[in-house]
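Here is a friendly walk through one protein model, from helix packing to backbone details. Have the viewer open as you read.

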Amino acid sequence: MPTARKPDQSAPKSASPAGVPAREAVPRGEEGAQAGEFLTTTQGLRLPETDHSLKAGTRGPTLLEDFHLREKITHFDHERIPERVVHARGAAAHGVFESYGTAASVTKADFLAEKGRTTPVFVRFSTVLGSRGSADTVRDTRGFAVKFYTDEGTFDLVGNNIPVFFIQDGIKFPDVIHAGKPHPDREIPQAQSAHDTFWDFVSLHTEATHHMLWNMSDRGIPRSYRTMEGFGVHTFRLVNAAGESSLVKWHWKPVAGVHSLVWEEAQIAAGVDPDFHRRDMADGIEAGAFLEWELGIQVMPDDGTDSFAGIDLLDPTKIVPEELVPVQPIGRLTLDRNPTNYFAETEQVAFHVGHLVPGIEVTNDPLMQARLFSYLDTQLTRLGGPNFAQLPINRPHAPVNDMLRDGMHQTAIHTGVAPYLPNSVDGGEPRVAAEDEGGYVQLARPVEGSVVRGKPASFDDHFSQPTMFYRSLTEVEQAHVVEALSFELGKVYEQSIKERTLQVLANVDADLCAQVAAALGLPAPKGNPAEDVEPSPALSQVVTAPGPIAGRKVGVVADAGSDLAGIGRLRKAVEKLGASLLVIAPVGGVLKKGKTTEIVERTLLTVRSIEFDAILVAGGTTPTNDIRLALLVQEAYRHCKTLGAWGDAAELLKALGVSTDDPGVVVGDGVAKEFTTELVAAVGLHRAWDRESAMMAAAD
């Protein structure tokens, strides 16, 4: 234990931020920022009024002695901290991770090795390029950062929803971000890669090709956080209790399946609901539809080569196909609680690749090595100094006895006089921990080589894996890649950049290049794409069997004449599966028919199709030519979403141009078991892709 205070020493009375004496029973981080029933200053002085400045007469000048005015305005002027340079736009949730115990053979990390052990977590999702006020649904990579509050210390798994990155060496990170950010002269475009500098960079740095194609695929516009995969990106080293090591890659597999928006849908959402993803997560948690993932690892031998099956495991632009090394599930993550305060938690949380626990180590991946410096360094500016770990959201759930002292915002009152080791005046404490006492001891391994700025020859292959990715997609997904590339390059002004990018695409796939070139009105150059690439079916998102519908939303159009009892039965059926049903009507209020009532949650004025995974029209609904209803239904149809109706409402669908024989259209005489079963299966498939070719913007 730290040295006790001397008899002549004292310290500030332990109190919460609100001046309430600290009590051991108060949960961590819940000490309270407010106390008492009266408005006060920050010093606890009760205030009789806060609407008028202190003046010399009611029409006179404001007096400098108004300490309340000065405190209130000064604090307001300093309420913002620098936003993150990247990943500024984010949303987060609390949850729990439960270990399956199956990782014990490869790691001694207690939170992974012990079956049934639960660990509190805080997870932050984010976009990369946009500012804090940008939209959720822009085409971009998403951050997927998980803070594990383990008994051995904090472990941060700071990953993305895409398993590769644009660059192979961290020294280029400022360059790729500068290229992706808005142009410095006009500060546009915001949160977009569809501009000259981004495509100039990726066409000149062909190592970016793999990540670029993932971004241009449906992975760049996820449907929600709950339907988004996560990856550790880098190769990590795990060490078990016997001192044996393995190389691994981390995977987060969403229980809800992997699904995305379509491009028009993402654009509409960015305008009508820029908070689309964060709202979906917060509403889902509040409704009890928690977000869930399985954590898995790909395990490769640590044989000293840092490679496997010809794949350089230190190259962050490469993946190991799951067909080659299956993902082994090792635990389950559940996000079940929303933050209490966005700034205190989501904005102030500080992740760091170097937050490790025994049994988990980094590798020589040159991008990873740079991140070990960058993540720690950025907090010093953003959070005002080195003591950010003392903020409630960043505090470890393990005992802390460091020798770090002072600094901005120091809240700990340290005792003793010798914050160094060894010492003889503080009892020689704190002690260092041996490995068998939980000390973090890196695996001994040889390190040698000439000092050089360079890269290994194995980093030179920039095209075989992008080719594998593109050829692993279904025709629908490939069409979306072509559409995305055509859109993005269509926004580029310099023709030389377009031509150079087409040459890059020619080295990926000739047909891909030809289609994009045709859309741009340019000739397709010849390339040298790999021909012996084995596709990886695991890279496709399109499913053939229905998945779970928890967290999904079903919208039902109704009015006073509708079958409200049928709506009630349908609500019961979908809520049993974790989905929600919202009633959409011409005007707000309550629909009533006999003894049955339904609250109107959306009106035709406030609704857009993007909010729902299925749109239905209730039987008995009055036929109408309301253009807002036509827009709602036709958008959902064009986006290949499930549509449906029961009873005479099927005729209303037909009047709106929807054939009841089309894929993804569910009709029935009433809300019976057969109808709900068919509806749930259709929603579980996510989209009716069979009608995509006729309805999507990329159609012939």
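In helix α6 (residues 263–272), the buried residues are Trp263, Glu265, Ala266, Ile268 and Ala269. Buried here means under 20% relative accessible area, exposed means over 50%, and partly exposed is in between (1.4 Å probe, protein chains only). Helices (H or I, at least four residues) and strands (E, at least two) are DSSP runs, numbered from the N terminus. The cover over the buried residues of α6 includes α7 (276–286), α11 (475–490) and α15 (627–638).

A word on provenance: this is a predicted model, in which local features need pLDDT of at least 70 and side-chain atom pairs count only at pLDDT 80 or more, while totals for chains, interfaces and linings use all residues. Residues are numbered from 1 along each chain as its sequence is written, and side-chain values use heavy atoms, with hydrogens and water left out.

Helix α11 also packs against α5 (residues 209–216), at an angle of about 100° and with the axes 8 Å apart. The axes are lines fitted to C-alpha atoms, for helices over the stretch in contact, and angles run from 0 to 180 degrees between N-to-C directions. The two helices α5 and α11 are therefore roughly perpendicular to each other, a label for angles of 65 to 115 degrees; under 35 is roughly parallel, over 145 roughly antiparallel, and the rest oblique. On the α5 side, Met212, Leu213 and Met216 meet His480, Val481, Ala484, Leu485 and Glu488 of α11, where contact means heavy atoms within 4.5 Å. Those residues divide into six nonpolar, one polar and one charged.

Now to the cores. The largest nonpolar core has 46 residues, and those with the most contacts inside it are Leu112, Trp250, Trp252, Leu335 and Ile360. Such a core is a set of buried Ala, Val, Leu, Ile, Met, Phe, Trp, Tyr and Cys residues joined through side-chain atoms within 4.5 Å. Strand β3 (residues 142–150) supplies the largest share of this core, five residues. A second, separate core of 45 residues includes Val164, Ala208, Val481 and Leu512. Leaving aside neighbours within four places in sequence, the contacts of Leu112 include Phe97, Trp250, Leu295, Ile330 and Ile360.

What about the backbone? Most residues other than glycine have a negative phi, and most peptide bonds are trans. The table gathers the exceptions to look up.

| Site | Feature | Value |
|---|---|---|
| Ile188 and Pro189 | cis peptide bond | omega about 0° |
| Glu429 and Pro430 | cis peptide bond | omega about 5° |
| His87 | positive phi | near 60° |
| Asp306 | positive phi | about 55° |

Pro189 is in the loop between α3 (173–180) and α4 (196–204), and Pro430 in the loop between α9 (366–382) and α10 (464–472). His87, in the loop between α1 (67–77) and β1 (90–99), is buried with a relative accessible area of 17%. Asp306 sits in the loop between β8 (291–301) and β9, and counts as buried at 16% relative accessibility. Ser307 lies in strand β9 (residues 307–308) and, at 26% relative accessibility, counts as partly exposed.

Finally, the whole chain. The secondary structure comes to 18 helices and 20 strands. Buried residues make up 48% of the 700 residues in the protein chain. The C-alpha atoms fill a box of roughly 90 × 75 × 55 Å, taken along the principal axes.

Definitions and conventions:
Ala, Val, Leu, Ile, Met, Phe, Trp, Tyr, Cys and Pro count as nonpolar, Asp, Glu, Lys and Arg as charged, and the others, Gly among them, as polar.
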